[in-house]
Structure formats: structure tokens, C-alpha cells
Amino acid sequence: MIKSEKSVFQAERETLKVTFLVFSGSSIMCVASAVDPLRAANRISGETLFDFKLVSVTGEAPVTTCGLPVAVSGRFDANETTDVLVVVAGFGTQNYATSALLSGLRRAARAARACGGVEAGTWLVARAGLLEGRSATTHWEDMEDFSSAFPGVDVRPDRYVIDGPVFTSGGASPTFDLMLHLIRTRLGMAVALDVASVFIYDQARAATDAQPLVSLGRLDGYDPRLAHAIRLMEAHVDQPLTIDAVARRAGVTARTLESIFRKSIGETPGAYYLRLRLGAARRLVVDTRIAMADIAGRTGFSSAAAFSRAFSRAFGEAPVRLRRG
């Protein structure tokens, strides 16, 4: 059990020691969203209120998905004292979940005040047994598989989840929100707003806001009918609605919806909806070993053959060939 006499998410000016364990395959945006708000808070406060460092399992620089390495100060030492341990990971986490690493995570977490996982880091925290009986989240692409792998975890589609001394976040933007929440609870709203202003960041969300498949950014305030229609589509990927049904629920006619999509996105609602479903399918083909028939069902195709034809037209090769390649 993690030591949790006093939550790190509460008013406190004592320096918080934070260790980020970063793995190759992480998104550089996740790393930056975790680290840079704390750096900015120190600068704004004029004090080192967050004493953070980055480490890796081997002590060598982990390489992010864009090919940029992340400089680390050394090797992860499970016996080194820290207040907060944050595991940042992305693709390939299954390759890192050795018994030695998981044992080290458990040992470090027991001595820490809090422990958390960012994006796929949640998988490693869960494999170490630190989420059993707790609520958690992970990236929306992995949510269904994560729930199956860890039935003892209450998996939520929230942007980030804090359950006692354990926290998890679903991706880069939610991690930024989580760090702003940490800064706000410890140092006050004024410092948190100043940090957000440093990054011109005004899209902060509540922890319990659902993770979208499509990040609309400022479109949320640009055309609510477009945003509403896209949200309906992403909520019905496995059982697609007709465009008439989407339009009706969005409060417009099908003709008006088509005009909105053509003006805002440059394609019809039907073409966009199909592209959305095929994009979700492609991620499942490339990133999982799920059977093609199951992928077809998850993304709203009547059969594996129909799915394969649509996929081939969109991406120039059959899903089976893409997976082999």
C-alpha cells in the first residue's frame, strides 16, 4: 500500500519531490505536459516547490514516438526516496513489464506519498497491482482492453482520475489538466492560472469530462451543431447512426448538416463518419492482435469482407497485409 498519511493534492508549500519514470515509446507531448507545468510553477513562485527529475529503467535516454530522445538524470532506483512517482509510457509497454520492474514499482510506491500513470503508464501501474480495487483511466483507445485485462479496476472514461494516493491520466492534454489541478490544490488558483497563461492554455477540463475520440479544440465553441454531430458519430462507431438520425439529434435537417460539414471540414457527413470509423479500425489493426472480424464489429461493418473492402479503398491495402507489414 502506498504511504498516504497526507495527500499531495492539498494546500501545502513544502517542496514536493517528483520522479518521472519515462519509457521509450512515450509521446513527447505527454512528457512535456507532465513536466513543464511544474517547471513553470517554480518560475512563477520564485521557489523550487516541485523538485522533479526524469529517470529511465536503464539510465539511457528514452526515445519518444517522434524520434526525439528525452534526457534523464539516471537510472530508476526503487530504493530512492521520492514523494511522487509518475510512470510515463506509450507504445510497447508489454515489453517493459518484467518482474523486476514491477517489483521495483511496488517498492517505490510503498515509500511514496502518491503514484501515478500517464497514458500507457497506467498499464504498468496496474500490472504492479497498484490499481486493484481502485478507479482509474487510460487512453480511450485502450480502455476496453484495459478493462478486460484488469477486472479488479473500476475503469472510467474520465480525462484523469485521482483515487486516494493513486492517479491516472488518459493522454497529453488530460495530464496538463492534472498537473494544473496539482498546482491549484497546493499553491492556489492564482498560480495555476498564471501557469496556464504561460502556455496560453484555456481549454482546461474537469477530471470527469469524458475523453473524446475526436479532439475538437476550439470547434467546441465555433459551431455547436458540428461539435454535437461529431460527438454523436464517435459515440456510435460500433453501431453507426444514419446521417438523418445524426442530423435529427443535432437539431438540423440532413441538408443543413451536409452544408455545415462541407463548409467546416470540406466533406460530407457520411464521408467523415466513414473516415472516423476506418481511423478507429486502423488503430486496432496496427496496435492490437484483435481478430479482423472483431475489429469489423467494433467499427460498425456488417462483415469482415465489407470491412476489408472499405479499408482497402481508404488505405490502399487490405488490413491483413497492413498488419503483416
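Predicted model: local features only at pLDDT ≥ 70, side-chain atom pairs only at ≥ 80, totals over all residues.

Me: Which residue of β8 is the bridge partner of Val 118?

Reply: β4 and β8 run parallel and are joined by four bridges. Within this pairing, the partner of Val 118 in β8 is Ser 169.

Me: And in what sense do β7 and β8 pair?

Reply: β7 covers residues 160-163 and forms a hairpin with β8, with two residues between the strands. Tyr 160 has Ser 169 of β8 as its bridge partner. Over four bridges, the sense of the β7 and β8 pairing is antiparallel.

Me: Which residue in that hairpin takes a positive phi?

Reply: The hairpin of β7 and β8 has two residues between its strands. The positive phi there is near 65°, and the residue that takes it is Gly 164.

Me: Let's move to β3. How many of its residues are buried?

Reply: Strand β3 spans residues 84-89 and is mostly covered. On one side sit Val 84, Val 86 and Val 88, and on the other Leu 85, Val 87 and Ala 89, all of them buried. The number of buried residues in β3 is therefore six of six, each with under 20% relative accessible area.

Me: Which strands pair with β3 in the parallel sense?

Reply: Strand β1 (residues 16-22) runs parallel to β3 and is joined to it by five bridges, with Val 22 opposite Val 88. Strand β4 (residues 114-119) also pairs with β3 in the parallel sense, over six bridges, and there Leu 85 stands opposite Cys 115. The strands asked for are β1 and β4.

Me: What is the relative accessible area of Leu 105?

Reply: Leu 105 lies in helix α2 (residues 99-111). Beyond its neighbours within four places in sequence, Leu 105 is in contact with Leu 21, Phe 76, Leu 85, Val 87, Leu 124, Ala 128 and Leu 130. Leu 105 counts as buried because its relative accessible area is 1%.

Me: Is Asp 51 buried, partly exposed or exposed?

Reply: Asp 51 is found in strand β2 (residues 50-55). Setting aside neighbours within four places in sequence, Asp 51 is in contact with Thr 15, Leu 16, Lys 17 and Val 18. Its relative accessible area is 36%, so Asp 51 is partly exposed.

Me: How far apart are the C-alpha atoms of Asp 51 and Lys 17?

Reply: Along the chain, Asp 51 and Lys 17 are 34 residues apart. Lys 17 is also one of the contacts of Asp 51. Their C-alpha atoms are separated by 4.7 Å.

Me: Now for the helices. Which helices do the buried residues of α9 pack against?

Reply: Helix α9 covers residues 243-250, and its buried residues include Ala 245, Val 246, Ala 247 and Ala 250. Just after α9, Gly 251 takes a positive phi of about 80°. The helices packed against the buried residues of α9 are α8 (224-235), α10 (254-264) and α11 (269-287).

Me: Which residues does Ile 265 touch, apart from those up to four places away in sequence?

Reply: Ile 265 sits in the loop between α10 and α11. At 31% relative accessibility, Ile 265 counts as partly exposed. The residues Ile 265 touches are Leu 226, Ile 230, Tyr 272 and Arg 275.

Conventions:
Residues numbered from 1 in each chain as written. Heavy atoms only, no water. Buried < 20%, exposed > 50% of the residue type's maximum accessible area, 1.4 Å probe, protein only. Pairing = 2+ DSSP bridges. Contact = heavy atoms within 4.5 Å.
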